[in-house]
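Work through the exercises below with the structure open beside the text, and try each task before reading its solution.

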Amino acid sequence: MIHNPSPLFVAIPLGAAFLVSLLGKRVKNFSDSLSNIATFSLLLLSLFSISLVSKHGMLVYKVGGWVPPIGICMVLDGLTSFMLVTVNSIAFLVTIYSISYMERYTAKWKFYTLFLLMLAGMNGVIVTGDMFNLFVFLEIAAISSYALVAFGTEHEELEASFKYMVMGLLASSFILLGIALLYSFTSTLNMADMSRFLVKTGAIQIVPFVTVLFLMGFGLKAALVPFHWWLPDAHPSAPAPVSAMLSGVLIKVLGIYALMRVLFNVLGISPPASTLLMILGIISMVLGGFLAIGQEDIKRMLAYSSISQIGYIFLAIGIGTPLAILGGLFHLINHAVFKSLLFLNSGAIEYATGTRNLRKMGGLGLRMPVTGYSSLTGSLSISGVPPLSGFWSKLIIIIAAIQAGHFILASVAVLISILTLAYYLKLSV
Amino acid sequence: MIIYFMCLILFCVGLYAILVKRNLIKIIIGIIITEYAVNLFFILVAYRSKGRAPILIPDQIVKNMVDPLPQALVLTAIVIGLAVTALMVAIAVRVYEKYGTFDITKIKRQKG
């Protein structure tokens, strides 16, 4: 187990969720402490996985001892441990935050159960090396997130959750259809085996269709622009820790990471697919940015800004040069950090003032200095002001776009960055 | 061949219900139909003509059997579908309690 901790990433949150649902109601403070211990140990384990990967390269864990093409395997490589660190560090911070924030809801232990289940699903999506297993973990994460969005059970929450659920289930159907087609062609479910078969036979008929199916499915989960309209309802309705988790990591794991795995490791990315990704990315970037300007609800503005920033990452993946992928991944972790920070801050503001309307919260920096300064840092970073991390990731993406000869895309990316600064100034003033 | 087209038609019926119908319950039924169309497609993929059930018997060699793996996978997918349906119906009931209607055009506190 110590040589290869990948099953623990699923087992720890799953076991903790089970224990919390069993004992959380009876034992006082049990759910708080156990969830924090679980996420903290996951964080340590994910940091430890970096050193393992840098020493051994790729690690494969065979579930139940079956050899890979037959049994399910879990893969730990560079991208995996990068995503694991991102997800588990945000999850740890969010669980600390929810100790006091979730006090105002009645059933705290239910929140922790769903939260840990969502975490187990996300970690599973990250570590798995099997197509159908990916689908199962995706559904675990998605179902618990539907329930978490409806956690407040008020008018808005229920409506948003229903919308989110309908779109999410449609996405899952498309993904399952894609998996069925791929299985019927390759007669294997192991990702590495599948890609070997596709390379060997050069299957040109099936790959474009399956690519489109996966693009629709994972694009819906990632809220790319033609499929984005559930996100600005769902993310603001959830309690603040959940919004931070959904906007910060869930759309990235279920959308971007899963799409990257499938496109790069299994199907192989083709020029039309990368052009499509670039176009969708740039549209999300522009539309998300423009829609964010008009918002008065702070969380709704942050949600639209998520769509815009997801566009940057998709643009980088679409460009596809090593530098662009580096920039995209760097922007992914940056966005996870600052968007979670801003959502948690919005929760703190709502906790203190009871409103989410941007017009009613003038002079907040004087009353809540810590929240004021951290919001300012997050806003400046997301809009790409030089010494902060958001600047460097956007710079890398723009340089990569120029190197690849996409001058128009690069200039649009710069303009949207300025637009981002414009609407975040509303927040920080 | 015709059976695949019927499967596609089933999928489209489900999509139609999701996109056009205004009643929450009918949308839920639409989702269930789409799910089942995909499951049916997966089972059809595994079918061999004149194939037998994939059960090994010690003193007998089964030559032509259907692919057992998709059946196992579809079983999992059906269980997931059951959980999702239960959650969906529960939320639809809560929506009805709050809004007093199943009509989706009247449920619009969110700006979209």
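Helices, as named here, are DSSP runs of at least four residues, numbered from the N terminus. The model is predicted.

**Exercise 1.** Explain why the buried residues of α1(B) line one face of the helix.

Solution. First check the length: the 19 residues of α1 (residues 2–20) of chain B should span 27 Å at 1.5 Å a residue, and the 26 Å between the end C-alpha atoms agrees with this. The buried residues are B:Phe11, B:Gly14 and B:Ile18. Viewed down the axis of α1(B), they fall within an arc of 60°, and therefore they line one face. Their cover includes α6 (155–186) of chain A together with α2 of chain B, whereas exposed residues on the other side of α1(B) include B:Phe5, B:Met6 and B:Leu19.

**Exercise 2.** Work out which element gives the most to the side of chain B that touches chain A.

Solution. Start from the contact, which takes 29 residues from chain B and 27 residues from chain A. On the chain B side, the elements giving two or more residues are α2 (24–46) and α3 (68–99). Of the elements on that side, α3(B) gives the most, with 15 residues. By class, this side of chain B has 21 nonpolar, 4 polar and 4 charged residues.

Technical notes:
Residues numbered from 1 in each chain as written. Chains lettered and ligands numbered in written order. Predicted model: local features only at pLDDT ≥ 70, side-chain atom pairs only at ≥ 80, totals over all residues. Contact = placed C-beta atoms within 7 Å. Nonpolar A, V, L, I, M, F, W, Y, C, P; charged D, E, K, R; others polar. Expected span 1.5 Å × (residues − 1). Buried ≥ 20, exposed ≤ 12 C-beta atoms within 10 Å, placed from the backbone. Arc of directions from axis to C-beta.
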